[in-house]
Amino acid sequence: MAATSATLSIGTNVSLGRKVGSLSQSKPFGVKFNSHNSLKSFSGLKAATSVSCESDSSFLGKETSAALRGSIALKAQKENQSYQYHLQPQAAFKVAILGAAGGIGQPLALLIKMSPLVSALHLYDVANVKGVAADLSHCNTPSQVLDFTGASELGSALKGVDVVVIPAGVPRKPGMTRDDLFNINAGIVKSLIEAVADNCPDAFIHIISNPVNSTVPIAAEILKQKGVFDPKKLFGVSTLDVVRANTFVAQKKNLKLIDVDVPVVGGHAGITILPLLSKTKPSVSFTDEEVQELTVRIQNAGTEVVEAKAGTGSATLSMAYAAARFVESSLRALDGDGDVYECSYVQSDLTELPYFASRIKIGKKGVEAFISSDLQGLTEYEQKALEALKPELKSSIEKGISFANKQAVAA
């Protein structure tokens, strides 16, 4: 890549070259590009009338990296010249985190607090959330932080929000499968989704609570029972599988992480997680042994963390990072960005299964398109793995639907 320097300042105390600094007050800010070559050579900028600033390290934005986002009025200038643009992000969206005092909820809240697109951050939990909110409220970023405790305040936490993120539930412990979590977390998701249906039925709903393969179908059935189900706005957050795949592939092949994108399809547990290594961008070749090794590691990465933490927790920080990336992508889509793609576990017709994780295009109204080309031209290994995961994923989906329907009958 040709040498190009970029400096971005927000308010008074942010400097962004290709690393992300802290965010300050929501004020107009400028971007200066000093280049001896065309702007096209700057990583992250598109040769178009509107562009996005991207970074090697941030969770924000397209693929693994967009740092900050705003509309940039692009005026043609001569080369070897200083370029001045003005950005004014619209902090206009309200986000609610249900389970904000937990191991995922706290770092997730911090990362979302950094977004210039968020005007209000509602933190809900059954206990201990007031201190989290007080702590976060001292961060000098635009969003107002409000705390809500217990079932009596859940409705207030959800009124008028645009995006609901649900990490609530118990974490995995050593020796515990995602299926072991089912009975506890299924009930938690059910009660929270009922409140979402009553208070913000038009919001984007992001399900993190495991087992996602079952909790997303549970959420869908509850929303159907309430008469407010919109399949385009219900997302199972499987982004962590993509984040892990990108990281492990970049490490294995000594690639620049910002450039790596591996679509991950199927579900969000064990063998239902299928990284499509043959579709990796940039194009890279793998030996059969590397494919097997990488696939198994990506599938078992959650267990890798659980065992490393030796009973003290599960993958909370990386999950928060991945969830924040998906939230930011959703906010960009709601804000009118027409170039937002993520992998997510959603209602789908790509296979015979009613729910399936794949790469999707997200727009203002939710899922706009499924990227079906990812499932075309698979290797023999990937095709066999795809067929092998279907029975387990089908069982998990049916388990979730059965739970929701039994609860409805009992009620």
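**Parallel strands around β7**

Strands β7 and β8 (residues 144-149) pair in the parallel sense over six bridges; two strands count as paired if DSSP finds at least two bridges between them. Helices (H or I, at least four residues) and strands (E, at least two) are DSSP runs, numbered from the N terminus. Within this pairing, D125 has T149 of β8 as its bridge partner. Between β7 and β8 the chain passes through helix α2 (residues 129-136), giving a right-handed β-α-β crossover. Right-handed here means that, with the strands pointing away from the viewer, the path from the first strand over the helix to the second runs clockwise.

The model is a predicted one, in which local features need pLDDT of at least 70 and side-chain atom pairs count only at pLDDT 80 or more, while totals for chains, interfaces and linings use all residues. Residues are numbered from 1 along each chain as its sequence is written, and side-chain values use heavy atoms, leaving out hydrogens and water.

Strand β7 also runs parallel to β6 (residues 93-98), joined to it by six bridges. Here L98 sits opposite Y124 of β7.

How many residues of strand β7 are buried? Seven of the eight residues in β7 (residues 118-125) are, so the strand is largely enclosed by the rest of the structure. Buried means under 20% relative accessible area, exposed over 50%, and partly exposed in between (1.4 Å probe, protein chains only).

Turning to cysteines, C200 is buried at 5% relative accessibility, whereas C139 is partly exposed at 28%. The structure holds zero disulfides, a disulfide being a pair of cysteine sulfur atoms within 2.5 Å.
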